[in-house]
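Visitor: Could you walk me through this one? I'd like to learn how to read its features.

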Amino acid sequence: MAGEGDTEDERWVDEHAGPVVRPYAVTRGRARPVTGSFDLISLVTATRTTVVEEGGLGPEHVAIVALTQHIQSVAEVAARLDLPVGTVRVLLGDLVARDLVRVQEPREPSGVKDESIYEAVINGLRAL
C-alpha cells in the first residue's frame, strides 16, 4: 500500500529493482503461449544474434534472445530474468512464432513402454 505522502511515481518504483511491472502487463494479459507448451527443462536457443525491439516485442523478448545465445533451459531463462515461468512461456511462444528462438523439448525416455512391467513391479513389491 502506498503511504499518504507517496506520489504516483513512487508507488510504481521498487527501491532496489527500479520500476515494477506486473507479469500480466509483460504478456498483455495472456496466460498461455501462442504456440508450444515449454517444459521447464526444454532447451532454448536464439536463432539470431541480435533483435531490435519491433512491433509486438518488448524488452523482455529482446532479453530472452540475448540470454539464449547460449543454450538455456526454460527454468534458467525464468530465473536469470527474474520472471515467473508462466510469463516466460508466453514470451517464448511469441519468439518461436517469429522464428527468433528454437525450443527443443525433452525426449521421452527410451525403453519399455509396456505398462504391464510397472504392474508386475508393483505386485512384486506388494507381495514382499
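Predicted model: local features only at pLDDT ≥ 70, side-chain atom pairs only at ≥ 80, totals over all residues.

Visitor: Which residues have the most contacts inside the largest nonpolar core?

Guide: A nonpolar core is a set of buried Ala, Val, Leu, Ile, Met, Phe, Trp, Tyr and Cys residues joined through side-chain atoms within 4.5 Å; buried means under 20% relative accessible area (1.4 Å probe, protein chains only). Here the largest one has 18 residues, and Val 65, Val 88, Leu 92, Leu 95 and Val 101 have the most contacts inside it. Helix H5 (85–97) is among the elements giving two or more residues, and H5 supplies the largest share, 4 residues. Helices (H or I, at least four residues) and strands (E, at least two) are DSSP runs, numbered from the N terminus.

Visitor: What is Leu 92 in contact with, beyond its neighbours within four places in sequence?

Guide: Contact means heavy atoms within 4.5 Å. For Leu 92, that gives Phe 38, Val 44, Ile 64, Val 74 and Val 101.

Visitor: What is the strand order in the open sheet?

Guide: Strands of a sheet pair through backbone hydrogen bonds, either parallel or antiparallel. Two strands count as paired if DSSP finds at least two bridges between them. This sheet runs E4-E3-E5, with antiparallel pairing. E4 (72–73) and E5 each have a single partner strand, so one side of each lacks a neighbour in the sheet. E3 and E5 pair over 4 bridges, with Ala 46 opposite Val 101 in E5.

Methods
Residues numbered from 1 in each chain as written. Heavy atoms only, no water. Buried < 20%, exposed > 50% of the residue type's maximum accessible area, 1.4 Å probe, protein only.
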